[in-house]
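Thanks for coming. I have one structure to go through today, so let me put it up on the screen.

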Amino acid sequence: MENIATFFTHLGALRYERKLKKLGDDTACMSPVPRKLSASCGTCVRFHEPFQTEWVDEDLEAVYQVDGKNYVCLFENEEE
């Protein structure tokens with residue numbers, strides 16, 4: 001199942017992608033945020049590992065699960 005993580009900063013997206021790759025998700029890659037979703041920096045990370053709350057940091061804005069052409073919010077960071 002594909003997931004999309006959005007970020008407050010580009011650096012946050014880059015760090016998250018590296019973290020996922022170190023954890024073994026070779027599918028993790030940075031890309032532009034889909035138009036249906038909004039993100040502060042415009043960059044997201046697409047990945048296939050099941051999302052875990054241990055991966056949350058201050059730069060993570062939200063995580064969505066891709067469901068066809070729709071997105072289901074799995075996590076939203078209330079802090080900015």
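Start with Glu17, which sits in helix α1. Keep in mind that this is a predicted model. Is Glu17 buried or exposed? With a relative accessible area of 13%, Glu17 counts as buried, because the cut-off for buried is under 20%.

What does the side chain of Glu17 reach? It comes to 3.5 Å from the backbone nitrogen of Met30. Leaving aside residues up to four places away in sequence, Glu17 touches Ala28, Cys29, Met30 and Val45.

Now the sheet. There are 5 strands in an open sheet, and the order is β2-β3-β1-β4-β5, with antiparallel pairing. Why is one side of β2 and of β5 left without a neighbour in the sheet? Both strands, β2 at 29-32 and β5 at 70-76, stand at the edges and have a single partner strand each, so one side of each has no neighbour there. From one strand to the next, the twist averages 30 degrees.

Helix α1, residues 10-22, packs on this sheet. The strands touched by α1 are β1, β2, β3 and β4. The direction of α1 makes about 15 degrees with that of β3.

Next, β1, which covers residues 3-7. How many of its residues are buried? The count is 5 of 5, so the strand is mostly covered, buried being under 20% relative accessible area. In a regular strand, side chains alternate between the two faces of the sheet. In β1, Asn3, Ala5 and Phe7 point one way, while Ile4 and Thr6 point the other way. Residues on both sides of β1 are buried.

Then the partners of β1. With β3, residues 43-47, β1 pairs in the antiparallel sense over 4 bridges. Which residue of β3 stands opposite Thr6? That is Cys44.

With β4, residues 60-67, the pairing of β1 is also antiparallel, over 5 bridges.

Methods
Residues are numbered from 1 along each chain as its sequence is written. This is a predicted model: local features need pLDDT of at least 70, side-chain atom pairs count only at pLDDT 80 or more; totals for chains, interfaces and linings use all residues. Side-chain values use heavy atoms; hydrogens and water are left out. Buried means under 20% relative accessible area, exposed over 50%, partly exposed in between (1.4 Å probe, protein chains only). Helices (H or I, at least four residues) and strands (E, at least two) are DSSP runs, numbered from the N terminus. Two strands pair if DSSP finds at least two bridges between them. Axes are lines fitted to C-alpha atoms, for helices over the stretch in contact, and angles run from 0 to 180 degrees between N-to-C directions. Contact means heavy atoms within 4.5 Å. A polar contact is a pair of N or O atoms within 3.5 Å; within protein, one must be able to donate a hydrogen and the other to accept it, and residues adjacent in sequence count only if both atoms are side-chain atoms.
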